[in-house]
Amino acid sequence: MKILVTGASGNVGRYVVKELLKMGEEVVAAGTDISRLQNLFGDCVEAVEFDFTKPETFEGALSSVDRIFLMRPPHLGKPEDLYPFIKAAQKHSVKLLSFLSLMGIEKNTVPPHYKIEKYIEAAGIPFAHIRPGFFMQNVSGIHSEEIKEKDMIFIPAGRSKTSFIDASDIGLAIATVLNDSTKHKNTAYTITGAEALDYYQVADILSKLTGRRITYAKPGFLKYRNYYIKQRGLDKEYVNVTVALYFMTRMGTAKAITKDYYNLTGRCPKSFEDFARENIDTF
Ligand SMILES: NC(=O)c1ccc[n+]([C@@H]2O[C@H](COP(=O)([O-])OP(=O)(O)OC[C@H]3O[C@@H](n4cnc5c(N)ncnc54)[C@H](OP(=O)(O)O)[C@@H]3O)[C@@H](O)[C@H]2O)c1
């Protein structure tokens, strides 16, 4: 049987697909944009049209799979948005569902991931929650515009530290649990990078690698929220979730360093400096 990868074109999903294929697994890659999936994976995967908000797309995605990688698209801010699909998965008696959750979620009921984890567990679906720290791709993705154009990091994280992890490492961890569904049944793993950095240190690394003077602006929450909604035009629900996450970060919830990634994969996670060097063009 195959493995369904939702959000297969996303930061993490694309690496889940890549790592599963390396392990010899067959993959059903799901997303709202089939041509995007075909461009990314060619005919190495079965690409299916899938939308969490369109239950009529669920059957086609689930018909030939016995394991699932489930992610919550960032703009779907309510946990309820994922419930219809989880109910459909329950009927298919899958062997394992690995949900892309969030570090520290076991003690924080605010982000949608908390209720989604509980809903999966209550449905009796064998689960392996993957709870990563902040992605390095946040810096090279959504926040790279200000770095590139204004030599400035604009993130409301105060002086807090973050144990950033590369999405490709997360993809490997998820593929590892899906590849051995018996071993990882009903588990949860918190995976992080090997070091915790504040954004002044991130700015120093980027300055060193780019040869420009990049600074950390340390904006407050209101300034950040207004800027991303009004000037960058990002989805309000998405920005609100990120405000809650940076609030948690300031409380120190993003700085823990765990051994789960090494224990799962036998590898050391990538450092931020190596990641930035590999992605230097984005800065
Ligand atoms: N960023 C972080 O630091 C961090 C840390 C921990 C946890 N997380 C969690 O990770 C998740 C985001 O993962 P990501 O960064 O890999 O995602 P992403 O790169 O933003 O990609 C979103 C994916 O969702 C798909 N998608 C969009 N709308 C959809 C819909 N209505 N139905 C089905 N698929 C849809 C998109 O595919 P199409 O283009 O084909 O539609 C795309 O592949 C979030 O839940 C976030 O909270 C993030």
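Author: In this predicted model, α10 and α11 are roughly antiparallel to each other, because their angle is over 145 degrees. Their axes cross at roughly 155° and come within 10 Å. Helix α10 covers residues 221–231. Helix α11 covers residues 236–250. The crossing of α10 past α11 is right-handed.

Who makes the contact? On the α10 side, the residues are Phe 221, Tyr 224, Arg 225, Tyr 228 and Ile 229. On the α11 side, they are Lys 236, Val 239, Asn 240, Thr 242, Val 243, Tyr 246, Phe 247 and Arg 250. Sorted by class, this contact of α10 with α11 holds 8 nonpolar, 2 polar and 3 charged residues.

Helix α11 also has a part in the largest pocket. It gives 7 residues to the lining, the largest share. That pocket has a volume of about 1,300 Å³. Its lining counts 50 residues. Nearest the pocket's centre lie Asn 11, Met 71, Arg 72, Pro 73 and Pro 74. Besides α11, the elements that give two or more residues to the lining are α1, β2 (27–31), α2 (34–41) and α6 (137–140). By class, the lining has 25 nonpolar, 20 polar and 5 charged residues.

Helix α1 leads on from the pocket to another helix pair. α1, one of the elements in the pocket lining, spans residues 13–22. It packs against α8, residues 167–179, at an angle of about 50°. The axes of α1 and α8 are 8 Å apart. α1 and α8 are therefore oblique to each other. Here too the crossing has a hand: α1 passes α8 in a right-handed crossing. From α1, the contact takes in Tyr 15, Val 16, Glu 19 and Leu 20. From α8 come Ala 167, Ser 168, Gly 171, Leu 172, Ile 174, Ala 175 and Leu 178. The class count for α1 with α8 is 8 nonpolar, 2 polar and 1 charged residues.

Now a third pair. Helix α4 (residues 83–91) packs with helix α5 (residues 112–122) at about 20°. Their axes lie 10 Å apart. An angle under 35 degrees counts as roughly parallel, so α4 and α5 are roughly parallel to each other. α4 passes α5 in a right-handed crossing. Tyr 83, Ile 86 and Lys 87 are the α4 residues in this contact. They meet Lys 115, Ile 116, Tyr 119 and Ile 120 of α5. In this contact of α4 with α5, 5 residues are nonpolar and 2 are charged, with no polar residues.

Met 152 sits in strand β7, residues 152–153. Leaving out residues up to four places away in sequence, Met 152 touches Glu 146, Ile 147, Ile 214, Thr 215 and Ala 217. Pro 126 is 26 residues from Met 152 in sequence. In space, C-alpha to C-alpha, Met 152 and Pro 126 are 44 Å apart.

Back to the opening pair.

Note on methods
Residues are numbered from 1 along each chain as its sequence is written. This is a predicted model: local features need pLDDT of at least 70, side-chain atom pairs count only at pLDDT 80 or more; totals for chains, interfaces and linings use all residues. Side-chain values use heavy atoms; hydrogens and water are left out. Axes are lines fitted to C-alpha atoms, for helices over the stretch in contact, and angles run from 0 to 180 degrees between N-to-C directions. Helices (H or I, at least four residues) and strands (E, at least two) are DSSP runs, numbered from the N terminus. Angles under 35 degrees count as roughly parallel, over 145 as roughly antiparallel, 65 to 115 as roughly perpendicular and the rest as oblique. A crossing is left-handed if the near helix is turned anticlockwise from the far one by less than a right angle, and right-handed if clockwise. Contact means heavy atoms within 4.5 Å. Ala, Val, Leu, Ile, Met, Phe, Trp, Tyr, Cys and Pro count as nonpolar, Asp, Glu, Lys and Arg as charged, and the others, Gly among them, as polar. On a 1 Å grid over the protein atoms alone, a cavity is a set of points where a 1.4 Å probe fits but cannot get out, and a pocket is an open set with protein on both sides within 12 Å along at least five of seven lines; lining residues have an atom within 4 Å of a point. Grid points are joined across faces, edges and corners, and a volume is the space filled by probe spheres set on the points.
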